[in-house]
Amino acid sequence: MERLRLVSRDNQTRDTVVQVGDINIGGGSKVYIAGPCSVEDEEQIREIALAIKGSAHILRGGVYKPRTSPYSFQGLGQEGLSLLRQAGRLVGLPIVTEVMSESEVEMVADSVDMLQIGARNMQNYALLRKVGAQQKPVLLKRGVAATLEELLFSAEYILAGGNSQVVLCERGIRTFSHTFTRNTLDISAVPILKHLTHLPVVVDPSHGSGDWNLIEPLAKAAMAAGADGLMIEVHSRPDQALSDGPQSLKPEKYRALIEKIRRLVSLLEEEKSQ
Ligand code: PEP
Ligand code: MN
């Protein structure tokens, strides 16, 4: 196989710091991304944005949803984009949303602070080239059956296109173990990626487990393993969510979790400095 070039630590030893609005990701600062799986309506995204603003740096919300079934809620599209944008402005947080198609990259990039490439599109090379040819930062999620080399080569496409603002996201992979979890969160991916690349690495324990009960232990494990941050799904009424309710934390649980995570991160930093 070809060698990794631009994304490799051999090419750049210092950590890349990705700037999303006025938030830095990587280089030691931890980032917490939160919000609903899908933007559902004005009130829903507003309520969640207000509830998380003190404990999140970036507001997430899907408006183009890659759903397994064509009969499931597909997202609000452009209307959702403007609701997400309004909510972000209201609380002063930058926003991230998934872009699924090449033809929508420019339009979505004009409205958001960061573009997400979802797990299902990690190897959509035309889409990777397209986000590489524009300047908005990219959150690149690992494919469900992708090796770490494949993830890094997908990031390489974006950097090779001229965009060095890429954050990698471990979000769980397919394994034989499916009785209690939707995916198996690959914690070892974190230290391995941090060793191989200078790009920041965040972890999504929501898709990584499929179960809100597992988010706290997995989030702690991710930070202990050296992650640069977390992406967590939050919904005020998970039982009524149009997507991913079972893996969504209620805002008060999310806030309490982030407080614990911040304490854990200071302990880890203290230990590192000894
Ligand atoms: C998401 O973050 O909304 C999402 C669809 O995640 P993934 O691409 O990891 O399944
Ligand atoms: Mn989701």
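How many nonpolar, polar and charged residues does the lining of the largest pocket have? The structure is a predicted model, in which local features need pLDDT of at least 70, side-chain atom pairs count only at pLDDT 80 or more, and totals for chains, interfaces and linings use all residues. Residues are numbered from 1 along each chain as its sequence is written, chains are lettered from A and ligands numbered from 1 in the order in which they are written, and side-chain values use heavy atoms, without hydrogens or water.

The lining of the largest pocket comprises 6 nonpolar, 3 polar and 7 charged residues (nonpolar: Ala, Val, Leu, Ile, Met, Phe, Trp, Tyr, Cys and Pro; charged: Asp, Glu, Lys and Arg; polar: the others, Gly among them). A pocket is an open set of points on a 1 Å grid over the protein atoms alone, where a 1.4 Å probe fits, with protein on both sides within 12 Å along at least five of seven lines; lining residues have an atom within 4 Å of a point. The volume of the largest pocket is about 320 Å³, taken as the space filled by probe spheres set on the points, which are joined across faces, edges and corners. Of its 16 lining residues, Lys30, Met223, Ala225, Gly226 and Lys272 lie nearest the centre. Helix 9 (251-272) supplies at least two lining residues, as do helix 6 (189-196) and helix 8 (215-224) (helices are DSSP runs of H or I, at least four residues, and strands runs of E, at least two, numbered from the N terminus). The largest share, 5 residues, comes from helix 9.

The second largest pocket has a volume of about 250 Å³. It is lined by 19 residues, the closest to its centre being Pro66, Arg120, Arg182, His207 and Asp244. This lining divides into 3 nonpolar, 7 polar and 9 charged residues. Asp244 lies in the loop between strand 10 (229-233) and helix 9, and its phi is near 55°, a positive value in a residue other than glycine. Asp244 is classed as buried because its relative accessible area is 16%, the class being defined as under 20% with a 1.4 Å probe and protein chains only.

Methods
Buried < 20%, exposed > 50% of the residue type's maximum accessible area, 1.4 Å probe, protein only.
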